Amino acid sequence: MNHQATALCFGELLWDCFQDDLLKNKGIKGPKRILGGAPSNLCYFLNQLGFPATLVTAIGDDALGREALAQLQQHHIPVIAAQNRFPTGRVDITIIDQEPHYQFAMPAAWDQIPLTSEILEKAATTTLIAYGSLAMRSALPFFEQKERV
């Protein structure tokens, strides 16, 4: 049996949002925010190395979520992204006494990634499953109450 190895990268997709001073001090020109999150970074690099990987995450119904999906599509990164009522993830990065400090927005869409049949089917045929430790910060998942018919 000739089976190609694949990966499923589960967890946080967020925007690293830098303060202006941090960018200027480092001589960085360009966006003040960069798409990141350990699982999405891993997924990107695996695909760049020719190892097929799919990102599993959640985004909000907002501009940051749409921009994140557009960037993933632009880089040909396969993604299973649930959309929920929480905002798309972000971390604000500031410098205090020459040390970076990170403030993760809570709640975030990636705190509530639903386990769907699509994810289970993909997981059943994958070789490697990697998950982001930040996505494990929610002790209990949020379940939206559905109206009964």
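How many bridges join β2 to strand β6 (residues 89-96), and in which sense do they run?

Reply: This is a predicted model, where local features need pLDDT of at least 70 and side-chain atom pairs count only at pLDDT 80 or more, while totals for chains, interfaces and linings use all residues. Residues are numbered from 1 along each chain as its sequence is written, and side-chain values use heavy atoms, with hydrogens and water left out.

Five bridges join β2 to β6, and the two run parallel. Strands are DSSP runs of E with at least two residues, helices are runs of H or I with at least four, and both are numbered from the N terminus. Two strands count as paired if DSSP finds at least two bridges between them. One of the residues involved is Phe 18, whose bridge partner in β6 is Ile 93. Strand β2 (residues 14-18) is also joined to β3, by four bridges, and there the strands run antiparallel. In that pairing, Asp 16 has Ile 34 of β3 as its bridge partner. Arg 33 lies over the face of Trp 15, 5.3 Å from the ring centre; such a placement requires NZ of Lys or CZ of Arg within 6 Å of the ring centre and within 35 degrees of the ring normal.

Other strands make up an open sheet. Its four strands come in the order β5-β4-β1-β8, with parallel pairing. β5 (79-84) and β8 (128-131) are at the edges with a single partner strand each, so one side of each has no neighbour in the sheet. On average, neighbouring strands are turned by 15° against each other, direction ignored. Inside the sheet, β1 (residues 7-10) pairs with β4 (residues 53-60) over four bridges. β1 pairs with β8 over four bridges too, and Leu 8 stands opposite Ile 129 in β8. On the β4 side, Ala 7 has Ala 53 as its bridge partner, and Leu 8 has Thr 54.

Helix α2 (residues 38-48) packs on this sheet, touching β1, β4 and β8, and its direction makes about 145° with that of β4. Contact here means heavy atoms within 4.5 Å; axes are lines fitted to C-alpha atoms, for helices over the stretch in contact, and angles between N-to-C directions run from 0 to 180 degrees. The buried residues of α2 are Pro 39, Ser 40, Cys 43 and Leu 46. Their arc around the axis is only 130°, which puts them on the same side of α2; the arc is taken from the directions from the helix axis to the C-beta atoms. These buried residues pack against β1, β3 (33-36), β4 and β8. The face turned away from the buried side carries the exposed residues Ala 38 and Phe 45. Buried means under 20% relative accessible area, exposed over 50%, and partly exposed in between, with a 1.4 Å probe and protein chains only. Tyr 44 is partly exposed, at 27%.

Rings of Phe, Tyr and Trp (its six-membered ring) pair if their centres lie within 6.5 Å; planes under 30 degrees apart are stacked, over 60 edge-to-face, and the rest tilted. By this rule there is one aromatic pair. Tyr 44 and Phe 45 have ring centres 5.1 Å apart and planes at 80°, so the pair is edge-to-face. After α2 comes Gly 50, with a positive phi near 90°.
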